[in-house]
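Please keep the sequence and the model in view while reading.

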Amino acid sequence: MLKFEQYARPASTKEAYGLLQENRLATVIGGMMWLRLSDRTIPIGIDLSGCGLDRIEETDDAFVIGAMVTLGQLENHEAFARMTRNVFTDGVHDIIGTQFRNLATVGGSAYARMGFSDIVTALLPLDTWVEFTGAGTMRFADFVNGGAARDVLERIVVRKHDYRASFQCVRNSATDFSTLNVCAALWDDEWHLAVGARPKKAKFLEGDDLGLPREFTPDELAAACERARYLNYGTDRRASADYRAELAEILSRRAILTAANQLDVESELRLAAEAAKPKGVIQ
Ligand SMILES: Cc1cc2nc3c(=O)[nH]c(=O)nc-3n(C[C@H](O)[C@H](O)[C@H](O)COP(=O)(O)OP(=O)(O)OC[C@H]3O[C@@H](n4cnc5c(N)ncnc54)[C@H](O)[C@@H]3O)c2cc1C
C-alpha cells in the first residue's frame, strides 16, 4: 500500500520545487493513477493541484498544456485534435476508460516516460517542448532521452504547424498496453517518427536518422521503415523482439502513408462539410 507521512499542496510550482529539493524522497503527485499502485512510504507527497496547471491555452503560435491537464481534457480539445490530426486522441483512446482518463494527467504521463506510453509516442514527433521549474525549457525529445531529474514539470507546449500526422498501435486486447506504437508527423517539410512500447522507452527518428524526404519514392519509404525495424526491440510476455520489429516496419509505413495522404486542415474541413450537406429531396 502507498502511504504518505506528510501531504503538501503548494500554491506555486516554485514552492513545490523547493519542497522537492529539501527531501530526497519527496514525490510529486499528478493524477496519482500510476503512483497509487506502488507499495512504499513517501515522506512527503507534493500535490500540484493548487498550482493552476489544469488549463489548456491556445496562443498565436502554440497550445500550452498545463501539467495537471487530464488525458480526457486534452483528447476532447477540438482545436488541438484538429491541428495534430487526432494523434493524441487516437493514442489515448484505449487507455482503460473515460473515468480513468479524466484523472490521469498529461504531465504525469510525460514526466514518467514509461516504456509502454502511448502519450509519449504521440507527442514526440510533434514540435513539443516541456517547461520545468528548475531545468527551464527543453525539447520533449531531449527530455525523453534523459534531460531533467527531480524537477517539477509545469507545462507541455505543442507549437503550431500545418501538421500531417498519424498514430498507429497494436494491442493484444482492448485496454491492454500497446504491443508496439508508432507516430509519424510531417511539419516544416520534415518527417519525424516515434516508435514506442519496444517495450522500452520510445525512440525518435528524424533528419538523417530517418532519411525520408518530404516527397518520397517507394524505395525511400521502404528504407525509412527498415530503419524503424532495426531499432532495438525486446521480448516480454506481450510479444517477441522479432514480432515487434515486424510491427515497427508495418506500422511506420501505415503511419507515414496515412499522414502523407492527408490534405491541409482547411480542405479536409471543407470536404467534410460538403459531404454532410443534405443531397436534396428525390421527387
Ligand atoms: C492500470 C493502468 C493502465 C495504463 N495503461 C496505459 C496505456 O495503455 N497507455 C499509456 O500510455 N498509459 C497507460 N497508463 C499510464 C497512464 O496513462 C498515466 O500515464 C499514468 O497514470 C501517470 O499519470 P498520473 O497523472 O496518474 O501520474 P502520477 O501517477 O501522479 O505520477 C507518475 C509519476 O510522475 C511524477 N509526476 C507526476 N506529475 C509530475 C509533474 N508535473 N512534474 C514532475 N513529476 C511529476 C510522479 O512523481 C510519479 O513519479 C496506465 C496506467 C495504469 C494505472
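Which residue in β11 does Trp187 stand opposite? In this predicted model, the residue across from Trp187 is Glu190 of β11. The two strands concerned are β10, residues 178-187, and β11, and they run antiparallel, joined by 7 bridges. Their hairpin has 2 residues between the strands, and Asp188 takes a positive phi near 50° there.

Strand β11, which covers residues 190-196, also has a partner in β12. The strand β12 comprises residues 203-206 and pairs with β11 in the antiparallel sense over 4 bridges. Within this pairing, Val195 has Lys203 of β12 as its bridge partner. The hairpin formed by β11 and β12 has 6 residues between the strands, and Ala197, in the turn, has a positive phi of about 60°.

Parallel pairing is found elsewhere in the model. In general, strands of a sheet pair through backbone hydrogen bonds, in either a parallel or an antiparallel arrangement. An open sheet of 3 strands shows parallel pairing in the order β1-β3-β2. Strands β1 (3-8) and β2 (27-29) stand at the edges with a single partner strand each, so one side of each is left without a neighbour in the sheet. On average, neighbouring strands of this sheet are turned by 40° against each other, direction ignored. The parallel strands β1 and β3, the latter spanning residues 41-47, are joined by 5 bridges. Opposite Phe4 stands Ile42 in β3. Helix α1, formed by residues 13-22, lies across β1, β2 and β3, and runs at about 165° to β3.

The surroundings of the ligand can be considered next. It is surrounded by 32 residues, of which the closest are Val28, Met32, Thr105, Ser109 and Asp118. A polar backbone atom of Val28 is 2.6 Å from an oxygen atom of the ligand, and a polar backbone atom of Asp118 is 2.7 Å from a ligand oxygen atom. For Leu35, a backbone N or O atom lies 2.8 Å from an oxygen atom of the ligand.

Attention may now turn to a single residue. Thr128 belongs to strand β6, which covers residues 128-132, and is buried, with a relative accessible area of 1%. A polar atom of the Thr128 side chain lies 2.7 Å from the backbone oxygen of Leu123. Not counting residues up to four places away in sequence, Thr128 touches Leu123, Arg139, Phe140, Ile156, Val157 and Val158.

The cysteines remain. A disulfide is a covalent bond between the sulfur atoms of two cysteines. How many disulfides does the structure hold? The number is 0. For Cys183, the closest cysteine sulfur is that of Cys169, and the separation of 11 Å is too far for a bond. For Cys225, the closest cysteine sulfur is in Cys183, and the distance of 14 Å is likewise too far for a bond. Cys183 is buried, with a relative accessible area of 0%, and Cys225 is buried with a relative accessible area of 0%.

Definitions and conventions. Residues are numbered from 1 along each chain as its sequence is written. This is a predicted model: local features need pLDDT of at least 70, side-chain atom pairs count only at pLDDT 80 or more; totals for chains, interfaces and linings use all residues. Side-chain values use heavy atoms; hydrogens and water are left out. Two strands pair if DSSP finds at least two bridges between them. Axes are lines fitted to C-alpha atoms, for helices over the stretch in contact, and angles run from 0 to 180 degrees between N-to-C directions. Contact means heavy atoms within 4.5 Å. A disulfide is a pair of cysteine sulfur atoms within 2.5 Å. Buried means under 20% relative accessible area, exposed over 50%, partly exposed in between (1.4 Å probe, protein chains only). A residue is near a molecule or strand if one of its heavy atoms lies within 4 Å of it. A polar contact is a pair of N or O atoms within 3.5 Å; within protein, one must be able to donate a hydrogen and the other to accept it, and residues adjacent in sequence count only if both atoms are side-chain atoms.
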